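Reader: I have a model open and would like to talk it through with you. Could you take my questions one at a time?

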Amino acid sequence: MLRAAVAKRRGAFALDVAVEAAAGAVLVVVGESGAGKTTLLRLLAGLDAPDTGRIAVEGRVWFDASAGVAVPPWEREIGFVAQDYALFPHLTVRDNVAFGVRAQGLPRREARARADAALERMGVGALAPRRPAELSGGQQQRVALARATVTEPRLLLLDEPLSALDLGSRQAVRGELRSLLAQLACATVFVTHSPVDATVFGDTIAVIESGALTQVGARDELLRHPRSPYVATLLGVNLLRGTLIGRETGGVAHVRTAEGLLAVADPGVDGDVYVTVNPQEITLSPEPPAGSAQNVFRGAVLEIVPEPPAGDRVRVALATSPPLVAEVTRQAVDALGLRPGMPVHASFKATGVKAYR
Amino acid sequence: MPARSRRRGRWWAIGVAVAVGALLAFLGLPLASLVIRVPPGVLWARLLTPASLAALRLSLVTSVLSTLAVVALGLPAAYVLATRPFRGRRVLEVLVELPMVLPPTVAGIGLLLAFGRAGLAGRVLGWFGLSIPFTTLAVVLAQLFVSCPFFIAAATAGLREVDGRYADAAATLRADPGHAFRRVLLPLALPSVVAGAAMSWARALGEFGATIMFAGNLPGRTQTLPLAVYMGLQTDLESAVALSVLLLILSFTVLLGLRLAHRTPRVPWLGRAAGGGR
C-alpha cells in the first residue's frame with residue numbers, strides 16, 4: 001500500500017498531488033508531457049526530495065517533511081524502470097539484473113542464479129551473457145523489468161515503459177507487461193502519456209494536468225463520468241460544469257453553466273454537477289430547428305475534422321457558447337454545405353445530456 | 001573575379017603551410033638533434049652506467065609511487081568535484097589546477113617552507129624525529145604536488161560525463177553512493193581515469209624544478225632522470241643526451257598510447273561512456 005502526498009516547486013512549475021495504490025494494484029498516472037509525471041516518480045523513488053509532504057509504503061515512512069524523515073533511494077526497496085531503461089552498458093544482461101541483489105549483499109553466485117531465474121521468467125533467459133547494446137528495444141524493456149523486480153520491491157515505478165518501443169513490439173509487450181503486473185504482490189505506479197496504456201493497465205487511473213490531479217478513479221467510473229477536460233477530450237465528449245437550478249416534470253432538469261442554460265436528463269441530485277453532451281446527439285441545421293430539442297445554440301463552424309478510422313464520420317467544432325463539438329456523417333456535411341465560418345444551429349434533446357456530481 | 005579569388009586562396013594555403021612547417025621545424029629540430037647527436041651504441045653504453053641506472057631506477061620508483069598517491073588522493077577529489085554541487089567549488093577547482101601553471105620552483109620553495117625544519121608541517125614532524133626535505137620521500141611529494149592536477153582534471157571530466165541516468169538507476173537498485181561509485185561510475189569513467197593517471201605519471205617523470213628545490217640532487221637518493229640530465233650537461237654530455245633520449249621516448253610513448261586508446265576503443269561501451277549524452 002502506497003500513500004503519498006507531495007508538493008514540489010521548480011521555477012514556474014509546481015507539482016502538488018496525493019496518490020494511493022493498494023498492494024498488488026496498478027495506479028496509472030496519465031497526462032501530457034510536462035504535466036509532472038516523471039517528477040512525481042522521482043519524488044516517490046527518492047531521487048528528488050519534495051518541498052513538503054509525506055510518503056509511506058506498507059506503513060514505512062520514506063519521507064515526511066514535518067518529521068524530517070528522508071530515506072535515500074537505495075534504502076527504499078523500490079523497483080524503478082526509467083523511460084529509456086538505463087541498463088548499465090558495461091555489464092552483461094545477467095550482471096545488470098544481478099546488480100540489485102548484489103548490492104543487497106548476496107554472494108555473486110547466488111545473485112547470478114536469481115538473475116537467471118528472473119530473466120527466464122521474462123522469457124529472455126538466453127540473453128543473459130549479452131551486453132545491453134546488442135538488444136532490441138523490447139528485449140531491453142524485459143531486462144529492465146527483470147532488473148527492477150528481482151529485488152522484490154515494495155513499490156514498482158514505471159516511467160513510460162512502452163514509449164521507447166516501436167509500434168509492432170508495443171502491442172506484444174503490452175499484453176506481457178499486463179500479465180506480469182497482475183502477478184506482482186507490490187503496488188505499482190505507472191506513468192504514461194498514452195490514454196490507451198492508461199485504460200489497459202490502470203486499476204485506478206489518475207489524470208495529471210499541470211502538476212495537479214484533475215480526476216482520480218477506477219477505470220470504468222472515469223470513462224463513464226469524465227470530470228476533467230483531459231478525460232473528456234480523450235473520450236471525445238463535450239464536458240461542462242454548472243449548477244442544477246430546477247426541474248420540471250418528465251425527467252428534465254435545468255443546469256446553469258457559466259455560458260448559458262441547459263436542459264438535461266434529471267440526474268436526481270442537486271447542486272454543482274458535471275454535464276456531458278455526446279457529440280453524436282447534436283444535430284446541425286442552418287435554420288432554427290422545428291423539432292422537440294430543448295437545447296439550441298447558435299454559432300459559426302470553426303473546424304471540420306474527419307474521424308478515424310474510415311473518415312465517414314466528421315467532427316465539427318463550433319464557436320457556440322458554450323463551445324461544442326458535434327459529430328455528423330460526411331453526407332450531412334455535404335448536404336448542409338458545412339464549411340468553416342458558416343453560422344449553424346446546434347440542437348440536442350435533454351435526454352441526450354448526462355449530468356452527474 | 002574568380003581568378004582573383006583563386007589567387008587569394010592559393011596565397012592563404014601557402015601561408016598556412018609555411019607557418020605549420022616553421023612550427024614543426026622548431027619543435028622537431030631539438031628533438032632530432034638529441035637523437036642524432038650520439039650514435040646508438042654509445043647511447044646504450046651511457047644508459048647502462050651505474051649512475052644512469054640509479055637515476056632511472058629512482059625515477060621509475062618515485063613516479064610510480066607518486067602516481068599511486070595521486071590516484072588515491074585525487075579520485076575522491078574528482079568524485080566530489082564531479083558529483084556534488086557545493087559552495088566554493090570554483091575556488092577548489094582553481095586551487096587544484098594551480099600547480100599546472102605554477103612555476104615548479106615556486107612549488108619547491110612552498111614545499112620546503114611547509115615541510116622544512118621551521119615549516120608548519122615540518123615542525124610537527126620534527127617532534128617525532130622525522131625530516132622530509134632532501135629525502136626520496138621529498139621527491140615523491142614534489143612529483144605529487146606538480147602532477148595531481150593532470151589526473152584530477154581528466155578524472156573529474158570523465159566522471160562528469162557519465163550519464164546521470166546510470167547513477168539514478170544504481171541508487172534505485174539498492175546501491176549506496178560507495179557501491180554505485182565502484183560498480184557503475186568508476187567503470188564507466190575508467191578510460192578518462194586511466195588517461196589522467198598516465199598524464200600524471202608522465203608529468204611526474206619529467207619533474208625537475210620542485211624536486212631540485214625540495215629534495216636536492218643526491219645521486220641514488222633524490223637524483224631523478226631530469227636532474228641527472230642537468231648534472232650531465234656540466235660533466236658528461238653524452239650521458240645527458242642518452243638520458244634525454246630515454247625521457248623523450250617515454251613521453252612520446254605515453255602520449256601516443258593515449259591517442260591510440262582514444263581513437264580505437266577496446267571495449268564496445270567505451271565510446272558511449274566517454275562521449276555519452278549529458
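This is a predicted model: local features need pLDDT of at least 70, side-chain atom pairs count only at pLDDT 80 or more; totals for chains, interfaces and linings use all residues.

Reader: Is Phe134(B) buried, exposed or partly exposed?

Author: A residue needs 20 or more other C-beta atoms within 10 Å to be buried, and 12 or fewer to be exposed. Phe134(B) has 17 within that distance, so it is partly exposed.

Reader: Which residue of the loop between β8 (155-159) and α5 of chain A would you show me next, and is that residue buried or exposed?

Author: Let's look at Glu160(A), which lies in that loop. It has a positive phi of about 45° although it is not a glycine. Most residues other than glycine have a negative phi. With 21 other C-beta atoms within 10 Å, Glu160(A) is buried.

Reader: And Ala185(A): buried or exposed?

Author: Ala185(A) sits in the loop between α5 (167-183) and β9 (187-192) of chain A. Leaving aside residues up to four places away in sequence, it touches Ala23(A) and Gly24(A). Ala185(A) has 9 C-beta neighbours inside 10 Å, so it counts as exposed.

Reader: What kind of peptide bond joins Ser321(A) and Pro322(A)?

Author: Pro322(A) is in the loop between β18 (313-318) and β19 (324-329) of chain A. Most peptide bonds are trans. Between Ser321(A) and Pro322(A), omega is about 0°, and the bond is cis.

Reader: Now to chain B: how many helices and strands are there?

Author: Read along the sequence, the pattern of chain B is α-α-α-α-α-α-α-α-α-α-α-α-α. Its C-alpha trace spans about 80 × 65 × 35 Å along the principal axes. The count for chain B is 13 helices and zero strands.

Reader: At which residue does α9(B) bend?

Author: Helix α9 of chain B (residues 177-205) has 29 residues, and a straight helix would reach 42 Å, but the end C-alpha atoms are only 34 Å apart. A proline, Pro191(B), follows within four residues of the bend. The bend is about 65°, at Leu190(B).

Reader: How many residues of α9(B) are buried?

Author: α9(B) is largely enclosed by the rest of the structure. In α9(B) itself, the number of buried residues is 22 of the 29.

Reader: Which helix gives the most to the side of chain B that touches chain A?

Author: In total, 18 residues of chain B are in contact with 19 residues of chain A. On the chain B side, α8 (164-172), α9 and α13 (270-275) each supply at least two residues. The greatest share, six residues, comes from α8(B).

Reader: One last item: at roughly what angle do the axes of α3 and α7 of chain B cross?

Author: α3(B) (residues 50-83) passes α7(B) (residues 136-161) in a right-handed crossing. The residues of that contact divide into 18 nonpolar, nine polar and one charged. The two axes come within 6 Å and cross at roughly 35°.

Key: Residues are numbered from 1 along each chain as its sequence is written. Chains are lettered from A and ligands numbered from 1 in the order in which they are written. The expected span of a helix is 1.5 Å times one less than its number of residues. The bend at a residue is the angle between axes fitted to the seven residues ending there and the seven starting there. Axes are lines fitted to C-alpha atoms, for helices over the stretch in contact, and angles run from 0 to 180 degrees between N-to-C directions. A crossing is left-handed if the near helix is turned anticlockwise from the far one by less than a right angle, and right-handed if clockwise. Ala, Val, Leu, Ile, Met, Phe, Trp, Tyr, Cys and Pro count as nonpolar, Asp, Glu, Lys and Arg as charged, and the others, Gly among them, as polar. Two residues are in contact if their C-beta atoms, placed from the backbone, lie within 7 Å.
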